[in-house]
There are 2 protein chains.
Amino acid sequence: MNPPQYDPELQESLRLFKAEIFQALAHPTRIAMVELLRQGELVSGAFTEALGIEPANASQHLAVLRDKRVVKKRKEGNQVHYSLRDPSLIEILDLLRGYFERDLRESYAMLREIVTEGQPR
Amino acid sequence: MNPPQYDPELQESLRLFKAEIFQALAHPTRIAMVELLRQGELVSGAFTEALGIEPANASQHLAVLRDKRVVKKRKEGNQVHYSLRDPSLIEILDLLRGYFERDLRESYAMLREIVTEGQPR
DNA sequence: CGCGTATTTGCGAAAATTCGAAATCACGCG
DNA sequence: CGCGTGATTTCGAATTTTCGCAAATACGCG
């Protein structure tokens, strides 16, 4: 019960868990899904419509997100509602947004450098 | 060039970009590598020793992290030093730890619920 | 039962992972 | 200079995983 501060096995399972979360988000469609869920619950069909994909495909990606515990489902009569299991995922996505912006800026700078490099001085 | 606020194509390529970053971290070994880099620079060989993997394997994973711009390399004589390109990645991993703990608590609660459910009242 | 919505399953193609062997690279030494 | 050594990367091939489509199957409802 009491968690040792430096348990190698715990560390390992924690890394596995983190890897699974990242794996779950390692697809453009699933990222779009999570971003859509930022505002709240969505029915399964809403994804297929918003993303222009087939129901089967949406269901598959949702299954991945479900398996990795990113989203939870709630059946209501005929249809299935999905929502984020833990809103703090939003925080993580926001943090990543800052990361991406920095990275994009860097890439842009590098690109410009390469371009100007080719120019005669 | 000028980025419209809501360009679907831009959104899509941005998601692709994000997916690549997630993909880079979607492996326990690579997560361990990033966590090792929390303290600072490491030589390539240090990873193989700390993680108990073969040099070729470590090099592959480092190449992935390099390609996705997570780490940067610095050659010094015989060996190659790696370091995090952006330390805010650490924040994200820390956030995930809290996420993980919440998840464990939930699983435990659910387990207990199932157990008590089976009990006669 | 019949219908529409969701999910699951089967399958081929593409990508990721791993490992051993071979190739590079920087150094020091005869 | 040529050569051997240690560190790292690259190559090649085998295995595993992921992806997207299509067909089949479940599920709730009238």
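Two strands pair if DSSP finds at least two bridges between them; strands (E, at least two residues) and helices (H or I, at least four residues) are DSSP runs, numbered from the N terminus. The model is predicted: local features need pLDDT of at least 70, side-chain atom pairs count only at pLDDT 80 or more, and totals for chains, interfaces and linings use all residues. Residues are numbered from 1 along each chain as its sequence is written, and chains are lettered from A and ligands numbered from 1 in the order in which they are written.

**View 1. Strand 2 and strand 3 of chain B form a hairpin.** Strand 2 (residues 71-76) and strand 3 of chain B run antiparallel and are joined by 6 bridges. B:R74 has B:H81 of strand 3 as its bridge partner. The hairpin has 2 residues between the strands, and B:G77 takes a positive phi near 60°.

**View 2. Strand 1 of chain B runs antiparallel to strand 3 of chain B.** Strand 1 (residues 42-43) is joined to strand 3 (residues 79-84) by 2 bridges. B:Y82 in strand 3 is the bridge partner of B:L42.

**View 3. Helix 2 and helix 3 of chain A cross at roughly 120°.** The axes of helix 2 (residues 28-37) and helix 3 (residues 44-51) of chain A come within 11 Å; axes are lines fitted to C-alpha atoms, for helices over the stretch in contact, and angles run from 0 to 180 degrees between N-to-C directions. The contact (C-beta atoms, placed from the backbone, within 7 Å) is made by A:T29, A:A32, A:M33 and A:L36 of helix 2 and A:F47, A:A50 and A:L51 of helix 3.

Methods. Contact = placed C-beta atoms within 7 Å.
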